[in-house]
Amino acid sequence: MEQLFADYLEDKLNARQRTELETLLANDEALRDEFEDLKAFYADMQKPAELDPTATLDLGFYMMLEKEKGAEQKKKAKEQKSQMRVSWINSPILKYAAGIVLLLGIFWIGRKTSDKDLNDLSEIAKIKNDVEETKQLVMLSMLKRESASERIQAVNYSYDINKPDDEVLKALIKTMNTDENINVRTSAAEALSHFGNEKIARDALIQTLLTQKEPTLQITVIDILANLGDKRAVKPMQKLLQNTDTEEVVKRKAMESVKVLSL
Amino acid sequence: MTDEAAMQFVAGGDLDKAAILYERYKRPLYNFYLRFGVERDSSQDLTQQVFYRIIHYRSSFREGYEFRTWIYRIARNIYHDYLKDHSHNHKDLHENIELAEEENYDDEQYLLIQKALKKLPQEYQEVLTMSRYDELKYEEIADILNISVSLVKVRVHRGLKQLKEEYLKLN
């Protein structure tokens with residue numbers, strides 16, 4: 001009876017159970033009275049009007065979220081660094097690059113021993129430059145791979161490039177704007193933030209705010225621009241705030257960043 | 001996006017998705033605590049703690065979990081910790097609960113039922129509150145309390161009977 005009564009309250013009785021309950025009640029007057037009493041009492045237990053929490057709760061939550069995101073980013077950066085070390089070592093192109101470096105090194109030692117007046121520093125710089133160029137080539141080639149995880153890895157390689165040339169930056173910008181995978185686009189935006197001193201990177205980040213529709217990417221870019229302190233980002237952020245299609249979470253983030261940038 | 005999908009993102013490190021879950025659950029959870037007679041400020045603190053735990057223990061969320069059940073289980077554990085922390089002064093806690101309820105709600109019938117509900121054993125209070133006010137299904141309540149669905153149904157029936165008796169005494 002207890003099971004049947006509970007199911008009756010949730011309106012979950014099937015035809016057979018309903019008949020069983022009706023038979024039980026028809027044959028026992030006391031049970032029927034109790035059933036009717038409890039049913040009426042249950043109906044009287046009306047849910048009270050719900051109250052809204054105050055803005056303090058929002059403030060507390062979003063502050064906690066920012067803190068956790070900071071910790072997560074640090075953790076990711078650490079992991080990426082160690083992963084990059086391993087993947088660079090295992091990359092066949094890098095092995096090729098290492099070969100070039102070795103040859104250049106031998107060439108350099110040969111030159112050094114035969115010509116004492118050789119400018120050591122410029123030779124080292126040249127070798128470094130060759131390595132840097134090879135890294136860029138690897139990255140650009142991997143960005144064309146079909147697998148999204150490989151494209152993310154390619155984007156992550158850019159962290160190891162000290163002075164990217166325009167071709168690398170343009171490839172990252174194109175990836176951020178057009179890659180079909182949101183995680184790749186977001187990774188590209190994060191990679192561009194490392195080159196925030198390059199105007200081309202900052203311009204692209206500002207521009208993308210007006211075109212991207214995915215909240216995760218919008219929030220990432222807003223965060224980056226706020227950290228870069230580029231006041232030109234205020235206008236596109238205000239546009240996002242005015243746009244009715246913008247998600248609430250994004251609007252809140254844009255509002256916070258507009259305040260920071262307007263200080 | 002479903003709750004479960006959003007939580008999978010959070011578990012994978014995309015913490016911004018936690019904001020989606022927060023916006024969906026902050027009000028139900030805040031009211032969950034208010035209905036247990038927790039004061040407004042403390043209800044906000046407890047709600048915040050729920051989200052803190054969700055983010056901190058995000059990796060323990062597994063595929064196949066139902067998010068609503070998971071979050072309410074966490075909310076309930078936090079409420080029990082809160083009760084334990086205040087158990088040294090049980091009398092004060094009871095008085096505070098009554099005062100908080102009068103402050104939070106002005107529906108006399110509801111307040112009377114709440115007063116009667118507080119006289120019931122904890123296991124009856126929980127199933128009745130979760131079923132009637134939080135609108136959780138018996139299966140969900142069973143999952144949250146880690147008991148069988150049959151036992152939930154038994155508690156609903158017996159709890160309701162006792163509640164009515166207590167209510168009539170107060171009336």
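1. The model is predicted: local features need pLDDT of at least 70, side-chain atom pairs count only at pLDDT 80 or more, and totals for chains, interfaces and linings use all residues. Residues are numbered from 1 along each chain as its sequence is written, while chains are lettered from A and ligands numbered from 1 in the order in which they are written.

2. Start with confidence. The model has ipTM 0.82 and pTM 0.54. Chain B averages a pLDDT of 86, and 88% of its residues score at least 70. Helices here are DSSP runs of H or I, at least four residues, numbered from the N terminus.

3. Now the interface. On chain B, 37 residues are in contact with 35 residues of chain A. (Contact means C-beta atoms, placed from the backbone, within 7 Å.) Elements of chain B giving two or more residues to this side include α2 (18-35), α3 (40-56) and α9 (149-170). The largest share, ten residues, comes from α2(B).

4. Check two loop residues. Glu135(B) lies between α7 and α8 (138-145) of chain B. Its phi is positive, about 55 degrees, although it is not a glycine. Asn146(B) lies in the loop between α8 and α9 of chain B. Its phi is also positive, near 60 degrees.

5. Are these two residues buried or exposed? Glu135(B) counts as exposed because it has 10 C-beta neighbours inside 10 Å. Asn146(B) is exposed, with 7 other C-beta atoms within 10 Å. (Buried means 20 or more other C-beta atoms within 10 Å, exposed 12 or fewer, partly exposed in between; C-beta atoms are placed from the backbone.)

Definitions and conventions. Contact = placed C-beta atoms within 7 Å. pLDDT = per-residue confidence, 0-100.
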